[in-house]
Amino acid sequence: MTSRNMDGLDSGQLLLICAAGLLTIAGIAHTAAVGLVGPQVAIGFGALIAAGELARLTMPGNREVAPISTAAALGYALLLDVGGEPATHSALQVVAVMAVGMIAGGLPHLAVGRAPRLDAIARRLFSGSLLAFAFRPLADVLRPEQGEGWWAPLGVMTVLIGLMLAADVVIASMLRAEQVRTAFGVAVRDETRMAAPLGAAVAASGILLALASHSMDMTALLAFAAPLLVTQVAFRKYAGIRATYLQTIRALARVTEVGGYVEPGHSRRVSRLAVAVGRELGMAEPELLELEYAALMHDIGQLSLSDPIPGGATVLTDADQARRIAALGAEVIRETGVLGRVAEIVRRQCDGLEKNPPAASRIIKAANAYDDLVSGSTDRDRAAAALERLRFDGGAEYDQDVVTAMARVIDRLAPVNRL
C-alpha cells in the first residue's frame, strides 16, 4: 500500500513539494543576493500571479487549477523585452517571483481556513520552473533586433511550452495514478483530456502576454488579465454545476435509505466500491463518472415496491423482480432527460453475461451483490465468504474479471476501512 504521512500526502506528493521547496529557497536566495532585475516588471507579474492564486478553482476530479496565475508565470518566464527594454532576469528570479506570488495569493485563503493544496501549488511552480530554466538562457539569442521578425522566438516558445505541458501531464499522471490507484496509462489519458482545453488557453495566453509586452509595455498585463478572468469564470461555473449535479444525485440516492428500502449507506458504499473497481479495470474518468451516477441510483426502482425487500438486498430476490426494479429505476432516471446512458447502465445491471451488458452494469451488479452480502461489515472472513459466493455463482451471473478486480480492491482498502 502507498505510504502516506499523517496529513494524507503520499510519497510522490512529498517528493514534489520538497523539490518545489528547494527551488523556492534557491530562487529567493539568488534574487536576494544579486538584486531584483527589472523590479517594476517583476512586481507587476508577481501581483498577477498572486491574483490568479487568489482566484484559483477546483475542477472535476478534485484538481486544483489557477489559470491566471499559470499564464502570468509562463508569460514572465518567456518575456524577452518590455516596451523595447530587454528583459534580462534569470530563471532563478522567475522562480522567486512565482513563489512569492503564489504564497501571497494563498495567504488570504489560509486566513479563512481554506488551506491551498501544497501538491498543486508545487506542481505549478515546478512546471513553470522547468520552462524558465529551458528558455531564459536563450532569451538574449532569441530577442529580435529592430526590423527582425518574431517567428523564431515564437517557434521556440511554442515548442518549449508544449514540452513543459507534456512534462506537467506526466507529473500529474504519476501523482494521480498513485492517489486513486489507477493504471498510469489511464491516468495519462485522463489528465491529457482534462488538461487539453484549459492548458491550451493558458499556454496561448502566456505566449501572447510575453509577446504583447514588447509593444504594450506593462499595460499588456491588464489587457490579458480580463479574457483570462472570463475564461476562469466559465470554468468555475462548469465545475460548480458538476459539483451541484453530483450532490443532487447523492441526495436523490438517499431517498431509498430514508424510506427504509435499503440499509443506510448502501448506495454510497456500492458507489465507492464500483468506482474503485472501475479504476482497477482501467476505465477512463468520463466512464467512471457515469458509473458513479448509476451506482448511486442503482436501487431507486425499489421506491415502486409496495412491500420493501428485507434489507433492500436485491441479491436475495428472484431475477425477474430484480430486473423489474432495475427497469423502473431506469425509467425514473431517464425522465431527467440528460442521463440516458446512466439509465441504460441501471436498466441492464441485472442482465446475464450472455446478453453482453455494459461494463459499468456488470461492475454495479457485482458491487451491489457484495454489499448486500456484507452489509458494510469490515470482517475479513465475511468479505471472503461473499467473494467466494460471487465466484461460485459465476458463469452467466457475475463477470469474473470484475470479481477478481473487486477482490484486489477489497484486499487493498479493507485494512484502512476506506469502503
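**Close-up views of a predicted chain**

Figure 1. Asn356 is exposed, with a relative accessible area of 58%. Here exposed means over 50% relative accessible area, buried means under 20%, and partly exposed covers what lies in between, with a 1.4 Å probe and protein chains only. This is a predicted model, in which local features need pLDDT of at least 70 and side-chain atom pairs count only at pLDDT 80 or more, while totals for chains, interfaces and linings use all residues. Residues are numbered from 1 along each chain as its sequence is written, and side-chain values use heavy atoms, with hydrogens and water left out. Asn356 sits in the loop between α14 (340–347) and α15 (359–374); helices are DSSP runs of H or I with at least four residues, strands are runs of E with at least two, and both are numbered from the N terminus. Its backbone is worth a look: Asn356 is not a glycine, yet its phi is positive, at about 55°. Most residues other than glycine have a negative phi.

**Figure 2. The whole chain, for orientation.** Before zooming in further, here is the setting. The chain has 17 helices and four strands, and its C-alpha atoms fill a box of roughly 80 × 40 × 40 Å along the principal axes. Of the 419 residues, 49% count as buried. The accessible surface comes to about 19400 Å², and 63% of that surface belongs to carbon and sulfur atoms; the areas come from the Shrake-Rupley method with a 1.4 Å probe, and for residues only the protein chains shown count as cover. Contact in these legends means heavy atoms within 4.5 Å. Among contacts between residues at least 6 apart in sequence, 71% join residues at least 24 apart.

**Figure 3. Tyr76 and the largest nonpolar core.** A nonpolar core is a set of buried Ala, Val, Leu, Ile, Met, Phe, Trp, Tyr and Cys residues joined through side-chain atoms within 4.5 Å. The largest one has 56 residues, and Tyr76, Leu78, Leu131 and Phe135 have the most contacts inside it. Helix α3 (residues 67–78) gives the most to this core, with eight residues. Beyond its neighbours within four places in sequence, Tyr76 is in contact with a list of residues that includes Val37, Val41, Phe45, His89, Val97 and Arg136. A second, separate core has 47 residues, among them Val275, Ala330, Leu373 and Ile410.

Figure 4. The expected span of a helix is 1.5 Å times one less than its number of residues. Helix α4 (residues 91–111) has 21 residues and reaches 31 Å from its first C-alpha to its last, close to the expected 30 Å. Just after α4, Gly113 takes a positive phi of about 85°. The 18 residues of helix α5 (residues 118–135) should span 26 Å, and the end C-alpha atoms of α5 are 26 Å apart, which agrees. Buried residues in α5 include Ile121, Leu125, Leu131 and Phe135, and also Asp119 and Arg124.

**Figure 5. Leu198 in helix α8.** Leu198 lies in helix α8 (residues 184–216) and is buried, with a relative accessible area of 11%. Leaving aside neighbours within four places in sequence, Leu198 is in contact with Val65, Pro67 and Phe235. The pair Leu198 and Pro67 are 131 residues apart in sequence, while their C-alpha atoms lie 7.5 Å apart in space.

Figure 6. Ser271 is buried, with a relative accessible area of 4%. Not counting residues up to four places away in sequence, Ser271 touches Glu292, Ala295 and Leu296.

Figure 7. Leu252, in helix α9 (residues 219–253), is partly exposed, with a relative accessible area of 37%. Leu252 touches Met297 and Ile300, residues up to four places away in sequence not being counted. From Leu252 to Met297 there are 45 residues in sequence and 7.6 Å in space, C-alpha to C-alpha. Arg323, in helix α13 (residues 319–334), counts as partly exposed at 32% relative accessibility. Leaving aside neighbours within four places in sequence, Arg323 is in contact with Cys350 and Asp351. Arg323 and Arg347 are 24 residues apart in sequence, with 7.5 Å between their C-alpha atoms.
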